[in-house]
Amino acid sequence: VKTHGRDDEKVVQFFREKLRQIPRNWHKALENARTHGETEKAHLESLKLDAVSEIQRAFEEIWEVRI
């Protein structure tokens, strides 16, 4: 919102892009952990990916109502 002010469409686009960008590294880290048998690290990456999915669902619910 600080970046795009009151332009709801730009805010939504910005946030959706961040929701795509940030988890990319987590997906890579998850695969790497699985490949190397690092179960604790894999579990943590999995939790982060679950959390970002929940954030995305909540974001879509909130902003769908506003737009």
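1. Basis. This is a predicted model: local features need pLDDT of at least 70, side-chain atom pairs count only at pLDDT 80 or more, and totals for chains, interfaces and linings use all residues. Residues are numbered from 1 along each chain as its sequence is written, and side-chain values use heavy atoms, with hydrogens and water left out.

2. Fold. The chain has two helices and zero strands. Its radius of gyration is 15 Å, well over the 11 Å that the globule rule gives for 67 residues, so the chain is more spread out than a compact globule. Helices (H or I, at least four residues) and strands (E, at least two) are DSSP runs, numbered from the N terminus. The radius is taken over C-alpha atoms, and the globule rule is 2.2 Å times the number of residues to the power 0.38. The C-alpha trace spans about 45 × 20 × 15 Å along its principal axes.

3. Of the 67 residues in the chain, 19% are buried. Buried means under 20% relative accessible area, exposed over 50%, and partly exposed in between (1.4 Å probe, protein chains only). Contact means heavy atoms within 4.5 Å. Among contacts with a separation of 6 or more, 49% join residues 24 or more positions apart.

4. Surface and charge. The chain exposes about 5500 Å², and carbon and sulfur atoms supply 52% of that area. The areas come from the Shrake-Rupley method with a 1.4 Å probe; for residues, only the protein chains shown count as cover. There are 13 positive and 13 negative charges, and their mean positions are 6 Å apart. Lys and Arg count as positive and Asp and Glu as negative, while His and the chain ends are not counted. Each charge is placed at NZ of Lys, CZ of Arg, CG of Asp or CD of Glu.

5. A salt bridge is a side-chain nitrogen of Lys or Arg within 4 Å of a carboxyl oxygen of Asp or Glu. By this rule there are four salt bridges. One of them joins Glu60 and Arg16, with the closest N and O atoms 2.6 Å apart. Glu60 lies in helix α2 (residues 39–66) and Arg16 in helix α1 (residues 8–35), so the pair ties together parts that are 44 residues apart in sequence. Glu60 is partly exposed, at 24% relative accessible area. Arg16 is also partly exposed, at 34%.

6. Bridges within a helix. Arg34 pairs with Glu31 in a salt bridge, closest N and O atoms 3.4 Å apart. Both residues lie in helix α1, three residues apart, about one turn of the helix. Glu31 is partly exposed, at 44% relative accessibility. Glu45 and Lys48 form another salt bridge (3.2 Å, N to O). This pair lies in helix α2, again three residues apart, about one turn of the helix. Lys48 is partly exposed, with a relative accessible area of 32%.

7. Is Glu45 buried or exposed? Glu45 counts as buried, at 8% relative accessibility. Leaving aside neighbours within four places in sequence, Glu45 is in contact with Trp26, Ala29 and Leu30.

8. Val11. This residue is found in helix α1. Val11 is buried, with a relative accessible area of 7%. Val11 and Trp63 are 52 residues apart along the chain, and their C-alpha atoms are separated by 9.6 Å.
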